[in-house]
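Subject: Structure for you to look at

Hello,

Here is the structure I promised to pass on. Please open it beside this email, and my notes follow below.

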Amino acid sequence: MKTCLVVDDSSIVRKVARRIVEALGFQVIEAEDGVEALVHCKKAMPEAILLDWNMPVMDGFQFLGTLRRMPGGEEPMVVFCTTETGIDHITKAMGGGANEYIMKPFDKDIVMAKFQEVGLIALDEQTAA
Amino acid sequence: MNPTEYEYLRKFLKDNSGLDLSADKQYLIESRLLPLARKAGLSGIGELVQKLQGGARTVITDVVEAMTTNETFFFRDKVPFDHFRDHIMPEIIKARAAKRSIRIWCAAGSTGQEPYSLAMCLKDMSAALTGWRIEIIATDLSQEVLEKAKSGIYSQFEVQRGLPIQMLMKYFKQTGETWQVNPELRAMIQHRQLNLLHDFAQLGTFDVIFCRNVLIYFDQDTKINIFNRLARQIEPDGFLVLGAAETVVGLTDTFRPIPERRGVYKPNDPRAAAAKPALAGAAPRLAVMAGR
């Protein structure tokens, strides 16, 4: 089973995201900020990371930069999931090594479409879901 | 809504849009028409039916539009667009090398996501198409839907359904909460109102026809009739692309499926199709359609 790390400082968002991502067939690990997320990644690289931008301690963008410089850190598919919806933020995230970008609010269809886009889930799974 | 009203609406929709509702679609009618009735200051479906029976023109249009408008998204089902990019277009580009012109028809263009998706595919392969004349004609029954398609303005939700972020960055401009398709892409598409039940010979012939997720709403006779008329608007080496739940198989010999490309069909040589007896079930119905 593939693992998805859900990084968000809001427990409600994590809960909603967990439900969606689990329904897509992933095992979910949660982290409240970038530092906690890095600890998880050092232990075992997840296949997918759903990443908030604005968080205390270490934000999503800083986390992404650190992750991509880590050994094996280029492997996870990183999908931003943030209230930052400006094109400047999107451009910065994609330039910083993100694979996809979700603008909050989000729903199952959006997460599914984005995961499919980066090849985390196959088309058939999408049709079956 | 009582059974008489339901039957009236069923027949009304069949006659005016070809929409073929089965006997158990009351919920669909209620969910779509109740808001419309309320908006028009009517008490409910019953009063709406009375208005229709009275021949109120604007109400007729509103009802047809409310019932035939469907949610769609960019690159819907993904695979047909992969086929378009990797298989259909390379073949057409080779075949039209001398003419350097391609015509594409989105026969159920809806709010524009499909024609714009095709336009994005074509833009991405623009190196192979320099100096080519490309026409994309998007048609839909509903004027309201066409206006939206023409504007190319989509909500944040809409641009996240099926549209890769790279495409959003490349082909859209953000204006507050909404995103608009850039002018260059908008200029590639002509939007026209068209009812597939009516004659569409005036559109001319096409190399590729996308006719997805609209025929499912029609009954068998109507489907056959539309397929046969589509066959006259497609180049002999052209392609027809249908929705995932649609097929020509068992309905007409005018098109044949391409086995390894799900949803993609090629026209049969009309003489060959005529020489071969039509499917037993389909033949009498074809005769009926011809006599109308």
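In chain B, strands β7 (residues 206-211) and β8 (residues 234-242) run parallel and are joined by five bridges. Two strands are called paired if DSSP finds at least two bridges between them. C211(B) has L242(B) in β8(B) as its bridge partner.

The model is predicted: local features need pLDDT of at least 70 and side-chain atom pairs count only at pLDDT 80 or more, while totals for chains, interfaces and linings use all residues. Residues are numbered from 1 along each chain as its sequence is written, and chains are lettered from A and ligands numbered from 1 in the order in which they are written.

Now the domains of chain B. The assignment gives domain 1 (3-68) and domain 2 (79-274); such bounds come from an automatic or database domain assignment. The centres of domain 1 and domain 2 of chain B, taken over C-alpha atoms, are separated by 29 Å. Where they meet, six residues of domain 1 of chain B are in contact with nine residues of domain 2 of chain B. Contact is used for two residues whose C-beta atoms, placed from the backbone, lie within 7 Å. The domain 1 side of this contact has one nonpolar, three polar and two charged residues. In these classes, Ala, Val, Leu, Ile, Met, Phe, Trp, Tyr, Cys and Pro count as nonpolar, Asp, Glu, Lys and Arg as charged, and the others, Gly among them, as polar.

D77(B) is not a glycine, yet has a positive phi of about 70°. D77(B) sits in the loop between α4 (57-68) and α5 (79-95) of chain B, and counts as partly exposed because it has 18 C-beta neighbours inside 10 Å. For this term, a residue is buried if 20 or more other C-beta atoms lie within 10 Å of its own, exposed if 12 or fewer, and partly exposed in between, with C-beta atoms placed from the backbone. R100(B), also not a glycine, has a positive phi of about 50°. R100(B) is in the loop between α5 and β1 of chain B and is partly exposed, with 13 C-beta neighbours inside 10 Å.

And S101(B): buried or exposed? S101(B) is exposed, because 11 other C-beta atoms lie within 10 Å. S101(B) belongs to strand β1 (residues 101-106) of chain B. Leaving out residues up to four places away in sequence, S101(B) touches R96(B), W132(B) and R133(B).

Turning to chain A, there are six helices and five strands, in the order β-α-β-α-β-α-β-α-β-α-α from the N terminus on. Of the 129 residues of chain A, 40% count as buried. One of the buried residues is C4(A), with 28 C-beta neighbours inside 10 Å, in strand β1 (residues 3-7) of chain A. The peptide bond from K104(A) to P105(A) is cis, with omega near 0°, and P105(A) lies in the loop between β5 and α5 of chain A.

Last, the contact between the chains takes 14 residues from chain A and 10 residues from chain B. On the chain A side, α4 (87-95), β5 (100-103) and α5 (108-117) each give two or more residues. That side has nine nonpolar, two polar and three charged residues.

Best wishes

Methods: Helix = DSSP H or I, 4+ residues; strand = E, 2+ residues; numbered from the N terminus.
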